[in-house]
Amino acid sequence: MNPGILYGTKDLREIAKLVDDGLLAEGRLQLQRSLSIAQTSAPKDEALMLQSLILRQSQDYRYADKLLGDFIQQRPNSPFIPIAWLERGFIAYHITELSKAVYYFTVIANVTKEKAKNDSVFADYRAMALYWKGASEARLGNPDNALSTLKEMQGAYPLHHLSDDALYMRAQLKERSGSEQEAVVLYGELLRIYSMRNTVLSSAIRASNIKLGMREPNASIAYIDQAQAVIDKLQTSDSSIIKPEEQSFSDRAKQDIAFIRAQALVLAGQSKSGLQAFEAFMSAFPGSPLFMHAKMSAGYAAFHLQDYAISKTYYQYIIDSAQDEQALLRSGAQLYHALINKAIGDRSFAKKEFSTLSMQTGYPFLAQALLEYGQLAYEDNELETARKTFERGIRETQEKSLLVKFHLLLGSVYHDQEQFGKSAREYASAERIAISMSNRELENKDNILAEARLKQGISFHQNDQYRDAIIELSTFLGEHPKDSRKDQALFWLAESYYRTDLLKNAEEFYKQLISDFPISNRREESFYGIAWSQFRRREFSQSSQSFSKLIKEFPKTRFATDALARKADGHYVLKQYREAAQAYKAAMNEGPRTEEGQYSAYQYGQALYRTDDFDGAIKAFRTFARSYPQSPLSASALYSVGWTLFQQRRYDEAISELRALLVDYPSTQLAARTHYTIADALYNMERYDEAISSYTIVKNQYSSSPLAGEAVKSIQYCLEFLGRIDEAKVVVDDFIMKNPESDMAKDLLMNRGLSLYNGKNYSGAIAEYEAFLKSNSDMERNAEALFYLGKSFASLGEPAKAEQSWRDVFKRYAKSEYAPLALLEIGLMKTNDQRLREADTAFALVMTEFPEQSSSAQAGFERAQIASSLGDSLQALRFYTLIADTYSSTEYGDQSRYRIAMYFRSRLMYDSALVHFKPLAKRIDNPNIAAEAQYRIGELWMNQKEYENAITAFLGVREQFSSIEDWFSLSLLGLGDCYETIKNYDAAKEVFQTLTTLRPDDDYGKSAAARLKRIQKVKP
């Protein structure tokens, strides 16, 4: 932040005038000298020219112009015509009739064009005309035309005395238009080509000034040294040194050079030398208009040298001495005075000063004051004050570089307040503004963008916007690969991938962090993230190893209990129960009072049970229940004791334990299962009456439990064992009657029909489904019953009734999942009966009414099959294309695209076939079709004699689909044939040998053996 610090003198004095009155005077003298061309002409013409010059000199412009105009008309062949046009141009330029001036100078440039090629006098006229035409266009506000004209003049007459002025004017025009780098190039060209002309000093100063404004101090110093060299040459008394011309615009050149050099030194980080240079400047030029600016800059240099006492002295001088016209400097000094107090640790006073400045009406550096005040409040954890201050700062300024900082700091405030959505928006605003700025406009742009992107990504993650976080953090890593916070970005990117279930990506970035940043403070969490990513992908062997690595490297890790528990879970899922038991035991000992520790203590018993260590399991479960009586798993532990005894056929002990469980935990969610297990134990002991009593408790008291229906079935079995068949049927009917709306009752009813249907008792199934439909009001289940009623009628050979049942599903329950299935069944039935047109109508209805359902994919496929069977291959192709594009991820989508590809293959349209086989080859979740598609790609390339492409395709089958034996074998044959064709016999022999080894007894192996013999004849 540099309020009041000027980089370059552009802001103090206007860019030097584009043209100088002296040039006009010089032009007049040149014309007077040129009158010598008229030695053979009439004295009257010469006299008239001299008269016009005298009239212009005496400011009688109108009469002079009229005199010249009349002369041009009356004496068109006079050798003074070029001089007359030039004079008219000078007059028009002087009285600012610039359009006329452009016209007059254009005329003379055209009139003299041919003669100028061979006559130096006319060349001089034309050069002057082009220069002044360019000057007129510049003043007229046509810089592009001016630049073109001046470039033409300099190019045509590079040695003319105005050529350097033309180049200087071009540079000035570029500088005024904001194309400062182009201006520097032109100033540099002038310094190189016209090093002795009168514009060289000003060119060096202007180039240095621009480079300073562009924050390129080294280049600025180089140009200012050139300016100093010009002055040194002009002042030397050594006659052997060739001196430049007397310089234009050099009134205060020494001041400018000294001031710019001092500025450049400070900007280059040489604050001590810069301070000395400013002190020398103030001593040498005490009356300079830059004096107070030098004071300001000296204070700035001292500030950066941390010589706060000296700095404060300079700023206090400005505050006390600045005149009204220097109010801006005073305001800047006040701000820096406060900054010094902040720097020396007097935060309270600095805060007060910034606050006071922010309350001044019209204070020019209000935004900077607010920024500093807000930062102090933020550092003092006064978050609400900081928030309000930064929000005000955003309202009060349009300066982009400050807005970026306000948004960044406001984002930090919101982040600390855990308003992550708002913090992300502020960081996004900072990023958006920074991107729109150049490196010159925004110092440390790359660092600021890095900050905004990283913190925005973290905020997105913490606001659960994981996909947005992935985008922003990926941008950070891509755009700022050398940023010191790359490990943090990798961590949060991995976390975001983890949260979006892209677990492989998450694991990769966790691993990259560990690899690239071995001492990162995120290393421990990354090990944990890797292990969890593997665990959630069910890669339990790898996750167990990763959890072990975490604990080994970080034995005191806060994740120890969880890591051991997850390691144990991995072993448990892999049925490595002994290893699981060890890990669970370690976890429960690591964190006995934690949730994971309690879970592990419970799972320890389960793992022992799975190793058939029943006594150990019983002991573990009892210990758990005793140690954690309030745990929600305690009842489960006691149940597991009973269940373990049950599995050992120690039924009496099991019953005793389970009944004790019901006493200790009467409200447990395991009550139904406990009663049911007690009943099963009694059943296994053939104590059927007692078992019926326990099953009845389940049936009556837990009728909504899934076990209620099972209990009814078990009661039925007990009664049947006891020979009480009718009573058994009554029990089932009674349950259904008492619980008609229960899911279990409906399941029992539906199961009756489905059991009969599966047993091919279609008449019985029809009776059950019809009875169900009469008694049930559940729409979804009615749809299911109607659907299977239709299937039963169809199986009995009653297609009309089947169709009516299916149509009823569609009419009554159009939103049911069975509606599209019912219409599909109608179409399939009609297809089997060869009523293809009717079938097509049914399939079309499926596609129209249920376009989002997978049934539509099958319906479209069937329509394509019908069209094909009717000989309409183009219609079939249209349907296949529709299904392939619309349902690309379904089996029927794949089958449709396969048929399209095969259609083009059969017609030798290889390119079209390749287009469709390629996406099929990527359907690795449908490996059979993917393997064939990859093979077909190789086959098509082979048919086109594109053997390298064919080899790549066949290798793809070998690498990805080795388990699909036929396509794998065919691909090996194709691969070997390609190698043989391109005479890579060693590779061919290797492939064929592999195939003979894998399939020695079938046609593939025999074909490969035959090819081996053929190759051996060619290359033994």
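**Entry 1: aromatic rings.** I count rings of Phe, Tyr and Trp (for Trp, its six-membered ring) as a pair if their centres lie within 6.5 Å; planes under 30 degrees apart are stacked, those over 60 are edge-to-face, and the rest are tilted. I note that this is a predicted model, in which local features need pLDDT of at least 70 and side-chain atom pairs count only at pLDDT 80 or more, while totals for chains, interfaces and linings use all residues. Residues are numbered from 1 along each chain as its sequence is written, and side-chain values use heavy atoms, with hydrogens and water left out.

With this criterion I find a cluster in which ring pairs link Phe90, Tyr93, Phe105, Tyr131 and Trp132. The structure holds 48 aromatic pairs. One of them joins Phe787 and Tyr788, edge-to-face, with 5.3 Å centre to centre and 85° between the planes. I then looked up the accessibility of Phe787: the residue is buried at 6% relative accessibility, where buried means under 20% relative accessible area, exposed over 50% and partly exposed in between (1.4 Å probe, protein chains only).

**Entry 2: charges over rings.** I searched for NZ of Lys or CZ of Arg within 6 Å of a ring centre and within 35 degrees of the ring normal. Lys295 lies over the face of Tyr317, 4.3 Å from the ring centre. Arg566 is placed over the face of Phe535, at 6.0 Å from the ring centre.

**Entry 3: nonpolar cores.** I define a nonpolar core as a set of buried Ala, Val, Leu, Ile, Met, Phe, Trp, Tyr and Cys residues joined through side-chain atoms within 4.5 Å. Which members of the largest core touch the most others? Among its 82 residues, they are Leu201 and Phe354. Helix H14 (residues 291–304) gives the most to this core, with 9 residues; helices (H or I, at least four residues) and strands (E, at least two) are DSSP runs, numbered from the N terminus. Another core, of 60 residues, lies apart from it and includes Tyr584, Tyr602, Leu608 and Ile736.

I also listed the contacts of Phe354 (heavy atoms within 4.5 Å). Leaving aside neighbours within four places in sequence, Phe354 is in contact with Leu335, Ala338, Leu339, Ala369, Glu372, Tyr373 and Leu376.

**Entry 4: cysteines.** I searched the whole structure for disulfides, that is, pairs of cysteine sulfur atoms within 2.5 Å, and found 0. Cys718 is buried, with a relative accessible area of 0%, and Cys978 is buried with a value of 0%.

**Entry 5: salt bridges.** I take a salt bridge as a side-chain nitrogen of Lys or Arg within 4 Å of a carboxyl oxygen of Asp or Glu. The search of the whole structure gives 61. In one, the side chains of Glu451 and Arg485 meet at 2.4 Å, N to O. This pair links distant parts of the chain, 34 residues apart: Glu451 is in helix H22 (residues 445–462), and Arg485 is in the loop between helix H23 (466–479) and helix H24 (486–499). Arg485 is partly exposed at 22% relative accessibility.

Arg537 and Glu539 form a salt bridge with closest N and O atoms 2.7 Å apart; Glu539 is partly exposed at 24%.

Are Arg936 and Glu939, a salt-bridged pair, buried or exposed? Arg936 is buried at 11%, and Glu939 is buried at 14%. Their closest N and O atoms are 3.3 Å apart. Both residues lie in helix H48 (residues 927–943), 3 residues apart, about one turn of the helix.

Finally, I recorded a network of salt bridges that links Glu803, Arg807, Lys830, Asp833, Arg835 and Glu838.
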